[in-house]
Amino acid sequence: MAERIRDDLLARVALVPSTLQARGLDASPALKAKLVSIGNARGDEILDLILREEIGHVVTGNRWSAWACAQRGLDPVRTYA
């Protein structure tokens, strides 16, 4: 995906944080539950750190996506879809 959208800032800031990184957020609860169920407390702590960082990445990506849409006169929600 990075190669396909390398020349389009809007696609990059919309798709990478809001799709790829957000999918990591979606998958995390199941992964956390699995780590806890096998007694991997350290893995759970590490995943918590990763989650906090990913949330920041998604928020920042959304902000830049909205900015890029505004520059082009586009609606961010419709453009993402």
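Leu9 is partly exposed, with a relative accessible area of 46%; partly exposed sits between buried (under 20% relative accessible area) and exposed (over 50%), using a 1.4 Å probe and protein chains only. This is a predicted model, where local features need pLDDT of at least 70, side-chain atom pairs count only at pLDDT 80 or more, and totals for chains, interfaces and linings use all residues. Residues are numbered from 1 along each chain as its sequence is written, and side-chain values use heavy atoms, leaving out hydrogens and water.

**The nonpolar patch and the tryptophans**

- Leu9 belongs to helix 1 (residues 9-37); helices are DSSP runs of H or I with at least four residues, numbered from the N terminus.
- Together with Trp64 and Trp67, Leu9 makes a nonpolar surface patch of about 340 Å².
- Patch members have over 30% relative accessible area and no salt bridge, with nonpolar side chains (Val, Leu, Ile, Met, Phe, Trp, Tyr) joined within 5 Å and like charges within 9 Å.
- The areas themselves come from the Shrake-Rupley method with a 1.4 Å probe, and for residues only the protein chains shown count as cover.
- Both tryptophans count as partly exposed, Trp64 at 45% relative accessibility and Trp67 at 42%.
- The structure holds 1 aromatic pair, and Trp64 and Trp67 form it edge-to-face, at 5.5 Å centre to centre with 75 degrees between the planes.
- For pairing, ring centres of Phe, Tyr and Trp (its six-membered ring) must lie within 6.5 Å; planes under 30 degrees apart are stacked, those over 60 are edge-to-face and the rest are tilted.
- Trp64 and Trp67 are about one helical turn apart, because they are separated by 3 residues in helix 2 (residues 41-72).
- An α-helix has 3.6 residues a turn, so residues three or four places apart point the same way.

**Helix 2**

- The 32 residues of helix 2 should span 46 Å at 1.5 Å a residue, and its end C-alpha atoms are 46 Å apart, which agrees; the expected span is 1.5 Å times one less than the number of residues.
- Which residues of helix 2 are buried? They are Gly43, Asp44, Leu47, Leu51, Val58, Gly61, Ser65, Ala68 and Cys69.
- These buried residues pack against helix 1 and helix 3 (76-80).
- After helix 2 comes Gly73, whose phi is positive, near 70 degrees.

- Asp44 lies in helix 2 and is buried, with a relative accessible area of 16%.
- Leaving aside neighbours within four places in sequence, Asp44 is in contact (heavy atoms within 4.5 Å) with Lys32, Leu35 and Val36.
- Lys32 and Asp44 form a salt bridge, their closest N and O atoms being 2.5 Å apart.
- Lys32 is in helix 1 and Asp44 in helix 2, so this pair ties together parts that are 12 residues apart in sequence.

**Other salt bridges**

- How many salt bridges does a search of the whole structure find? It finds 6, each being a side-chain nitrogen of Lys or Arg within 4 Å of a carboxyl oxygen of Asp or Glu.
- Glu3, Arg6 and Asp7 are linked in a network of salt bridges.
- Glu3 is exposed at 57% relative accessibility, and Asp7 is exposed at 71%.

Technical notes:
Helix = DSSP H or I, 4+ residues; strand = E, 2+ residues; numbered from the N terminus.
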